[in-house]
Amino acid sequence: MEFSLPQITPFKGIKAEMPQVEILDNGAEILVARYPGCEVLYVGLIFGGGMITQKKPLQCLTTLRMLPQGTKTLSSEEIAEQLDFRGSQITTTSLNFSSAISGTAVSRHAIHLITLLEKIVKEASFPQKEFDLLAKKTCENLRLALTMGNVLASNKLDSMLWGENHPLGHDVTIEDVENLSLDDVKQFYHDYFNSDNVTIVLSGDISDEILSQIKQSFSGNWGGKSVAEATIPCVSSSEPKTEIIDRPHLVQSSIMGALMMPLRTNPDYQALRCLVKLLGGYYGSRLNMNIREEKGYTYGITAELLGHRQIAFMNISTECNIEYTHKVIEEIKKEIEGFIFKPVTEAETDLLRNNMFKRLAATIENPFSFGKYLLNMHDIQEAPDYINRQVDFINQITCDTLNRVARNYLSADNLYFAIATNKKELKS
């Protein structure tokens with residue numbers, strides 16, 4: 001008996017349902033993403049004002065970390081106990097232009113989570129004892145972090161790309177921690193955490209009761225008066241170069257590379273996003289197959305396109321034995337230039353398309369991942385339908401387009417490298 005194999009149908013991607021928009025009486029937006037039958041809730045509050053608009057290093061991050069440390073009626077221990085008892089969680093996120101506090105809970109505890117977030121955001125008490133403890137922990141963590149090669153290389157690369165005087169290019173020091181006062185934290189809170197400056201994200205199985213509680217908790221005027229629009233510091237990138245951070249205790253090299261790219265507003269940005277993914281965004285990417293699989297220089301190497309409001313750049317990251325450092329950099333440069341001699345093929349494009357669809361599908365897989373996506377889109381000033389526009393573009397991407405942008409934008413001569421290593425062991 002003969003059997004016929006089923007026809008393989010190419011995966012055409014996914015389509016995300018866009019959140020509904022509700023407007024509170026104070027003008028604040030609520031983005032409502034419904035996942036019927038998924039009995040969990042994600043609640044996020046995102047406030048304008050982030051790391052780029054802070055007046056001192058760590059001001060934004062420390063303010064966020066202090067929020068759950070006590071309210072007018074609850075201590076940090078009581079907040080933690082209430083969350084733990086219900087299996088709920090509250091996290092804070094410092095973004096470039098925004099500050100976010102979010103919570104997750106099963107649906108039956110959603111009302112409690114919302115009212116607890118309301119108390120934390122509106123009635124934060126900023127206890128001196130908790131601030132001192134947090135400062136001590138921050139110093140301990142910073143001392144440890146500054147012994148790690150990947151942290152040292154990342155910090156150096158940031159200073160090269162953003163400029164040492166830009167908040168995102170500044171290397172945080174112990175002195176920065178010591179110079180930050182509780183009054184600085186309270187000032188940041190007063191400037192940004194108010195009803196004129198908030199967007200709310202709801203994602204999950206959202207009942208009328210949940211939506212009603214959100215409106216009850218966050219309507220009206222609350223918080224301090226919004227600060228005047230902050231002055232955005234200028235980016236002052238250095239010329240492309242290689243910087244070595246010498247640390248004798250390091251037993252391997254941490255390599256961070258970057259290549260400046262056009263901003264998100266450029267019509268080639270989406271094509272470049274696909275190209276960078278093909279270069280180093282998944283296991284079968286060119287960098288990984290060469291430097292890990294063929295040469296065996298590293299356990300893994302990644303490349304991603306980071307599109308900020310002020311600048312965009314491709315970031316390359318890997319670690320290797322010190323003896324392979326120069327060889328790894330040489331191979332990275334070869335792959336950057338390699339699209340000229342080895343153009344993108346149809347097979348590579350199909351693999352790229354499947355990997356990108358897989359990553360995008362994970363973004364909308366559950367209320368938590370989609371809620372975080374909406375927060376990030378708000379910070380970079382992208383509309384929520386950005387994910388669907390990506391899907392449409394990926395479906396239409398061609399080898400010719402990928403090869404064209406590779407020729408136009410990839411140049412090994414313009415690469416930045418920051419390498420944390422033991423220079424004594426580094427062979428020239």
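Buried means under 20% relative accessible area, exposed means over 50%, and partly exposed lies in between (1.4 Å probe, protein chains only). The views below come from a predicted model, where local features need pLDDT of at least 70, side-chain atom pairs count only at pLDDT 80 or more, and totals for chains, interfaces and linings use all residues. Residues are numbered from 1 along each chain as its sequence is written, and side-chain values use heavy atoms, with hydrogens and water left out.

**View A. Asp268 and Arg404 meet in a salt bridge.** Their side chains come to 2.9 Å, N to O; a salt bridge is a side-chain nitrogen of Lys or Arg within 4 Å of a carboxyl oxygen of Asp or Glu. This pair links distant parts of the chain, 136 residues apart: Asp268 sits in the loop between strand S8 (252–261) and helix H9 (269–280), and Arg404 in helix H15 (residues 399–409). Helices (H or I, at least four residues) and strands (E, at least two) are DSSP runs, numbered from the N terminus. Arg404 is partly exposed at 31% relative accessible area, while Asp268, at 12%, counts as buried.

**View B. Lys334 pairs with Glu330 inside helix H11 (residues 325–341).** Here the closest N and O atoms are 3.5 Å apart, and the two residues are 4 apart in the chain, about one turn of the helix. Salt bridges that share partners join Glu294, Lys295, Glu330, Glu331 and Lys334 into one network.

**View C. Glu243 and Lys241 form another salt bridge.** The N to O distance is 3.1 Å. Glu243 is partly exposed at 24%, and Lys241 is partly exposed at 36%.
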